[in-house]
Protein chains: 2
Amino acid sequence: MKALVVVCDGLADRPVKAFGGKTPLEAADTPNLDALAAMGITGIVDPVAPGIRAGSDTSHLAILGYDPCEVYTGRGPFEAAGMGIELREGDVAFRCNFATVDENLVVKDRRAGRIEDTSALVDALRNIRLPGVEIKLASLAYRCALVFRGEGLSYRVSDTDPHATEVKVHPAQPLDDSAEARRTAQLLEEFSRRAHEILEMHEVNARRRAENLPPANYLLARGAGVVPKLESFSQRYRLSGACIATTAIIKGIARLAGMKVIEAEKDYIARAKQALLALEEVDFLLMNIKEADEAGHDHSPEKKVRVIEAIDAMVGEFLDFVQENYIVVMSDHTTPCSVGDHTGDTVPILIAGPEVRTDEVAAFSERACAKGGLNRIRGMDLMPILLDLLNKSEKFGA
Amino acid sequence: MKALVVVCDGLADRPVKAFGGKTPLEAADTPNLDALAAMGITGIVDPVAPGIRAGSDTSHLAILGYDPCEVYTGRGPFEAAGMGIELREGDVAFRCNFATVDENLVVKDRRAGRIEDTSALVDALRNIRLPGVEIKLASLAYRCALVFRGEGLSYRVSDTDPHATEVKVHPAQPLDDSAEARRTAQLLEEFSRRAHEILEMHEVNARRRAENLPPANYLLARGAGVVPKLESFSQRYRLSGACIATTAIIKGIARLAGMKVIEAEKDYIARAKQALLALEEVDFLLMNIKEADEAGHDHSPEKKVRVIEAIDAMVGEFLDFVQENYIVVMSDHTTPCSVGDHTGDTVPILIAGPEVRTDEVAAFSERACAKGGLNRIRGMDLMPILLDLLNKSEKFGA
């Protein structure tokens, strides 16, 4: 018996006026999701805790059974792992953007015109040496991850990214009184200053200026976090695990948990086949589908409905799998199109497979699942429930 | 106002194909349980936490309000208390079996032919003296409890019971690096060696050999645990408490909680009358009914249905009681006939009595109760809910 967990990022929503008060999930035509709900047990989930606005990162950690309140200090480490940097417990990592600043360090473009190729720039930045710290870098277009490795570091450092244009780059400041935070802030300041010098003079930016493109002449840092000790998924659960995702943060979480990471096909049906193929090898597959969340951030319930119907078609590929295995379909957080960002509402869940105690719910939606046999659980409850169904649990007591 | 908590051991189940997908509890004819559900409030319970496979011991501890994660280290202490050994906090206790081994200490029969009378053997073993430790023993047929009392002991000792036949007795090994664990393992080794010598030569075994019965010539130990400090039930809740049970482990938990233990009548109707009689004296009665669990372990849904219908007849005796008092009916864990062992599914609960906020559920079953007014609670929640209904709670705040 194997388990497939399909996490539809930001799928859950709130009632949409234009849909007569239905949510996009209620308005969409979802015969396959509804069939799974009918043959399964359903419920609602607080990804972290009631009312808490989970990020995709903290929610996925919880879904995999790692308490985000213990292991999550910032997005940096997961982003860095997702970009392929090999990390060690204690490393301090930042998410960065290549940005455009003027001669007064006023931010003109937080993404440097969404520059596509930053590999030469990153190579140049790798020449920077700072005392007592090893520096690691990786980039994907305008996005970049920066890692400091060494003794006496802290993640308690403020963002240099002002999160706005027409304001000056922020100084890196310690967020507590420790010597480690002061030192790390100084290191980030020094790194930023030298990176700016190198980027200003770099031929890539000379070319961009000649082409009237905004130069990528500053590295804005944010989301400092320390790499946690994550017990590997396979040791923790005695299950081999893999992850299919498109976003760096989800891949990073899976990598830090020691799971195999599979680059997702863009087409959903192709991706379903990828998943089934992967499940011939591994016991547990986490599949993240990003696009519903993007529709929510874009305030577009119509787009969300289209994504949901595409997900439903993909889920149709799993109806055979579920005869002898378990499938979970859920959302990682609510991204209401009305809000355009994550909220703390519950999300729907269904679990289908041979031994579930089915309920009377025959539709997969926020409100239908609220009447389900699971009632209300938390993200951290999922792995114990799955391990029990997979017969991988040990008895506590006798 | 008094409270009766009827715990139907292993009652809850999963859908049974032969029953058209009904659980045994759904398939059984249960007019009295359904009547209580109709007049009460219902819900589902995670005995310990979602997905966790509770033992009867950890679940009953939780139901009585003692956190098993704090007080439970192994089954030994509860079994020993159940067999009537007076225990003190810090004692280390083992569950043992009288077993048959050959001259190479290979286990031939883990229960020594289910030997019925071991009192003379236990008396002989009471002569064993070990340095710095007091030894206590009690037995019930082939089952035995062994207690070490003294300074510098630890429960972190492996089983000598190999849990299989045709393999050699396991050595007792320390499970951590502490001097206490090493010493306790040595004591158990030395005790086992000397017990074997005494048992080999004992006239009871000479007789058994002459009768071609397997000799009870080894004491296999398992389930080491340290006796926890359990605040007495009456102090904790200002309620006098009693327990009616048939199994040593449940009696042991009740004894360690300072509750009065009443040996259960075999007949369920007689047992119901016992309960009502006891409730004339005490405020709170816990009643454990073991047989549904046995049906689950035996993979027999038909047997489970018969047990459930007998329980239902018994519960009919309580319909008067509930006019002015509270009754709880629940299961301590799920024992699916398909699995033959405990699983981590939720269990149904009903609470009936004068002041409950009734719901629309009119049947007592796993799925009917999932729609109840209690929603999903945990075992540890029961005592606070009952104390509140009994008007024995204090306000937290003003």
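Modeller: Happy to! In this predicted model, helix α3 (residues 56–63) of chain A packs with α10(A), their axes coming within 10 Å and crossing at roughly 35 degrees. The crossing of α3(A) past α10(A) is right-handed. If you want to find the contact on your screen, look on the α3(A) side for Ser56(A), Asp57(A), His60(A) and Leu61(A). Facing them from α10(A) are Ile249(A), Ile250(A) and Ile253(A). By class, the residues of this contact come to four nonpolar, two polar and one charged.

Chain A is assigned a domain 1, made of 3–71 + 231–389, and a domain 2, covering 78–226. The centres of these two domains of chain A, taken over C-alpha atoms, are 33 Å apart. Where they meet, domain 1 of chain A brings eight residues to the contact and domain 2 of chain A also brings eight. On the domain 1 side, the biggest giver is helix α10 (residues 248–256) of chain A, with seven residues. That side of domain 1 of chain A holds four nonpolar residues, one polar residue and three charged ones. So α10(A) takes part in the packing with α3(A) and also in the contact between the domains, because the helix runs counted here are those that DSSP assigns.

Next, let's look at chain B, where α3 turns up again. Chain B and chain A touch through 27 residues of chain B and 19 residues of chain A. Among the elements of chain B, β3 (53–54), α3 (56–63) and α14 (366–369) each supply at least two residues to the side that touches chain A. That side of chain B is made up of ten nonpolar, nine polar and eight charged residues.

A strand pairing also links the two chains: strand β14 (residues 395–396) of chain A runs parallel to β3(B), with two bridges between them. Here you can look for Lys395(A), which has Arg53(B) of β3(B) opposite.

Finally, how are the two copies related? Chain B is superposed on chain A by a rotation of 125 degrees with 0.3 Å of shift along the axis, at an RMSD of 0.1 Å. This is the relation of a three-fold axis. The two copies use different surfaces, as 7% of the contact residues of chain B recur in chain A.

Note on methods
Residues numbered from 1 in each chain as written. Chains lettered and ligands numbered in written order. Predicted model: local features only at pLDDT ≥ 70, side-chain atom pairs only at ≥ 80, totals over all residues. Domains from an automatic or database assignment. Helix = DSSP H or I, 4+ residues; strand = E, 2+ residues; numbered from the N terminus. Nonpolar A, V, L, I, M, F, W, Y, C, P; charged D, E, K, R; others polar. Least-squares fit on C-alpha atoms with pLDDT ≥ 70 in both. Pairing = 2+ DSSP bridges. Axes fitted to C-alpha atoms, helices over the stretch in contact; angles between N-to-C directions. Left-handed = near helix turned anticlockwise from the far one by under 90°.
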